[in-house]
Structure formats: C-alpha cells, structure tokens
Amino acid sequence: MSCLSQAFGLYVHIPFCPQRCPYCAFTILTGHTALYDRYVEAVCTEIRSWQGLAPKVPCQTVFFGGGTPSILEPAQIQRILDTTVVTFGITADAEITIEANPTTAEAQKFTAFRASGVNRLSLGVQSFNDADLKTLGRWHSAADAEAAYVTSRRAGFTNVNIDVIFSIPGAPRQHWQATVHTLLALAPEHISTYALTIEEGTRFARRHHQGRLEPVSEDDDAWAYAWVMETLAAAGYEHYEVSNFARPGYRSRHNWGYWHGADYLGVGLSAHSLLDGQRHWNRRALQAYLTAIEAGRAPHEGSESLDPVTARHERLWLQLRTCEGATLPPLELQALLSAPKFQAILEADLIALTPPRVRLTPSGFLLADAIGVEVLAILERTHERC
C-alpha cells in the first residue's frame with residue numbers, strides 16, 4: 001500500500017446483538033456469548049495481519065459498529081484498541097466511537113469504555129415513544145433511552161450521537177415531533193435521522209409481502225424529513241449530510257472520511273475496506289470468518305479494484321450527499337450544464353451551483369439519491385463519448 005490517504009480510519013464490526021429487530025438487514029448475531037472472546041482475538045489477529053500499513057499513517061478515527069459493540073466487556077474493547085495502537089498507532093486527537101444500545105447502558109461499563117480511550121458514544125434510540133418502539137421490536141422503553149443518555153454524560157462522554165427513525169408504520173406525525181422535541185431537550189452533540197426502509201430478508205419485508213405491514217406514504221415520509229431538517233436547523237444543528245446533523249465542531253470525522261474518499265480498513269465479520277484504490281470485504285458467516293483467521297488466512301469473501309473514473313464517481317456520489325457538495329473539473333461541469341435534465345434540476349432549486357462546486361439545496365436533500373443517479377448518468381455518458 002504505497003499511497004494511503006492521510007485521513008485513515010479503522011472500522012471494527014462487532015456483530016453480536018441482544019435482539020434482531022424486524023427492520024434490521026445488517027450482519028448481526030444473537031446469542032453466541034461463548035464466542036465473544038474468541039471473536040475479539042480473531043479481530044486482533046486480523047488487525048495485526050495488516051501491520052504492513054503501519055509505516056504509512058496512524059489511525060485518526062476508530063469506529064466500533066454492529067450489532068451492539070457495547071455488549072462486549074470494556075476489557076475486550078480495550079484489547080482491540082491496544083492491538084490497534086501497537087500495530088498502527090492511534091493519533092492523540094483521534095475520534096474513537098462505540099455504538100451502544102440502551103439495554104446495554106450500564107454506568108460502570110460506560111465509565112470503563114471512556115477510560116479505555118473511547119471518546120464518542122452513539123446511542124441507538126430510534127424513538128422516544130413506547131408505542132413506536134414496540135412497533136420497531138425494540139426491547140427498551142423511552143425512559144430507558146433517556147436514562148442511557150444520562151448515564152453516558154455521567155460517564156464523561158462529551159460527544160454523544162443519538163440515532164432516531166422516522167416514517168414508522170402506523171405512527172402519527174405527532175410521535176415524530178415529540179421524539180425530536182425530546183432530542184432537543186437532551187441536546188446531544190450529534191443526531192442521525194433515518195427513514196425506515198423495508199429491506200428484503202427482514203421480518204418487516206415478510207409482513208409487507210403478506211399485506212400485514214403498510215409503509216408510510218411518500219408524502220408523509222417527505223413531510224417528516226423536511227420538518228426535521230427545518231426544526232434541527234432552527235435549533236442550531238448543522239445539516240452536514242443527508243441523514244446527519246451536528247453542533248458546530250461535532251461532525252462524525254469517521255463518516256466524513258467515508259464520504260470524501262479517505263482510506264479505511266474494516267475488520268471483523270462482513271467488514272468492508274478501501275485501501276489505495278482496492279476494495280475488499282470479509283465473510284458474512286461467523287464460523288467461516290473465525291476458521292479463516294485461525295488458520296492464518298485472509299477472511300476475505302471478495303475484492304475489486306476501482307479504476308480512476310469509477311473511484312471519482314463514487315466520491316462524487318457521496319460528496320453530493322454532504323453540505324459541501326462536490327468540486328467538478330471543467331469538462332464534467334460543462335457536461336452537466338449542457339444537459340437539459342441538469343438544467344431542470346437547477347431550475348427546480350434542487351442543486352446550488354457556484355462553479356466549480358455543486359451542492360444540494362435543502363429541497364435537493366429530499367431527492368438526494370435520484371439527483372445523484374441523474375448526475376452520474378450524465379457524467380458517465382460524457383466519459384463514454386471521450
């Protein structure tokens with residue numbers, strides 16, 4: 001790896017979870033408590049196998065995602081961090097995040113995570129309404145979620161994110177408004193808001209196919225998103241990415257790296273990496289992952305090499321989802337300006353153009369994916385002609 005970007009991040013996937021929510025399509029596992037320590041050792045072994053990256057750059061961000069990483073013991077998280085320090089190094093000002101579930105919010109555990117060097121906590125709350133939490137299949141209550149937040153503060157966390165979901169089937173608009181007002185009363189540094197999507201392979205998808213679950217209408221979905229954008233902006237939160245809001249100085253540095261083409265190493269079950277233009281991803285089956293690691297083999301399930309145009313377009317797609325947008329070279333900018341569909345997007349005030357930069361307007365955030373598809377289609381046609 002000869003030319004890694006200087007913003008280097010490590011993602012650690014912890015697949016274990018107290019439950020599988022009916023809307024969740026992530027690679028997670030319930031139970032398997034007897035394998036926690038074995039899995040942690042496998043992750044440490046995988047990190048050490050990448051020691052060839054060490055002379056390049058230390059980690060500027062570390063993100064423990066899942067699953068529910070806080071289900072592990074603090075000593076296990078510490079082992080992974082210690083291995084990372086020895087193998088790569090971690091910068092003194094690194095952002096180190098752990099995702100947590102309100103059902104795993106114990107004061108002693110949170111305090112120990114903080115003492116180990118974790119300095120950012122992401123709480124998967126999803127809603128502050130008990131009826132909505134029941135619909136989502138969550139085990140915690142709204143009171144549990146608020147208590148978890150208080151616990152995180154008492155443990156010394158000064159950088160806390162809260163995840164919430166809108167467009168929950170059957171929930172009236174007032175539920176979403178009350179959840180957001182509770183968020184504002186708690187005043188976390190960062191808020192992530194996600195529209196509920198019905199993913200194939202989930203229990204929600206099966207219910208939908210059986211006619212037992214009706215998704216929220218497009219109009220209600222658009223209302224919920226537009227309302228939260230306006231409400232959080234008025235409260236002083238910066239809408240810096242389609243789904244993410246932060247107080248000044250509290251953007252997720254790890255995710256910002258993803259959106260701007262930084263190199264990152266992913267370790268653990270199903271984790272993805274992007275290193276020097278090469279992408280690879282790990283096995284999704286736990287035993288296959290453990291067996292490969294313990295046999296001294298790479299646990300990769302697949303890989304691909306990104307050509308410069310593909311890599312450029314991927315970065316453009318992701319950067320368009322941020323408040324700063326993307327800077328375009330003259331050829332690409334001219335191609336967009338010559339396209340009638342792009343002119344229509346401009347006239348509809350969905351994109352703001354200050355050459356050479358294009359960025360989405362608040363109205364454009366509502367249609368971010370569709371706009372991204374159209375912009376990339378125009379640019380791909382341009383490259384084909386060239």
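Predicted model: local features only at pLDDT ≥ 70, side-chain atom pairs only at ≥ 80, totals over all residues.
Student: Why is A92 called exposed?

Tutor: Buried means under 20% relative accessible area, exposed over 50%, and partly exposed in between, with a 1.4 Å probe and protein chains only. A92 has a relative accessibility of 92%, so it counts as exposed. A92 lies in strand β5 (residues 90-100); a strand here is a DSSP run of E with at least two residues, a helix is a run of H or I with at least four, and both are numbered from the N terminus.

Student: What makes E324 partly exposed?

Tutor: The relative accessible area of E324 is 34%, so E324 belongs to the partly exposed class. E324 is placed in the loop between α11 (308-319) and β15. Leaving aside neighbours within four places in sequence, E324 is in contact with R251, W256, H260, R357, V358 and R359, where contact means heavy atoms within 4.5 Å. E324 and Y240 are 84 residues apart in sequence, and their C-alpha atoms are 7.6 Å apart in space.

Student: Why are β15 and β16 said to stand at the edges?

Tutor: The open sheet has 3 strands in the order β15-β17-β16, with antiparallel pairing. β15 (326-327) and β16 (351-354) each have a single partner strand, so one side of each is left without a neighbour in the sheet.

Student: How do you know that β16 and β17 pair?

Tutor: Two strands pair if DSSP finds at least two bridges between them. β16 and strand β17 (residues 357-360) are joined in the antiparallel sense over 4 bridges. The bridge partner of L353 in β17 is V358.

Student: What makes β4 mostly covered, and which strands pair with β4?

Tutor: In strand β4 (residues 59-66), 7 of the 8 residues are buried. Strand β1 (residues 9-14) runs parallel to β4 and is joined to β4 by 6 bridges, with H13 opposite G65. β4 also pairs with β5 in the parallel sense over 5 bridges, and T61 stands opposite E95 in β5.

Student: Why are α1 and α10 called oblique?

Tutor: Angles under 35 degrees count as roughly parallel, over 145 as roughly antiparallel, 65 to 115 as roughly perpendicular and the rest as oblique. Axes are lines fitted to C-alpha atoms, for helices over the stretch in contact, and angles run from 0 to 180 degrees between N-to-C directions. Helix α1 (residues 36-48) and helix α10 (residues 286-294) pack at an angle of about 50°, with axes 10 Å apart. The two helices are therefore oblique to each other. Residues making this contact include R38, Y39 and A42 of α1 and L286, Q287 and Y289 of α10.

Student: What makes α6 roughly parallel to α8?

Tutor: The axes of helix α6 (residues 173-186) and helix α8 (residues 218-234) come within 11 Å and cross at roughly 20°. That angle makes α6 roughly parallel to α8. Among the residues of the contact are W176 and V180 of α6 and W223 and W227 of α8.

Notes:
Residues numbered from 1 in each chain as written. Heavy atoms only, no water.
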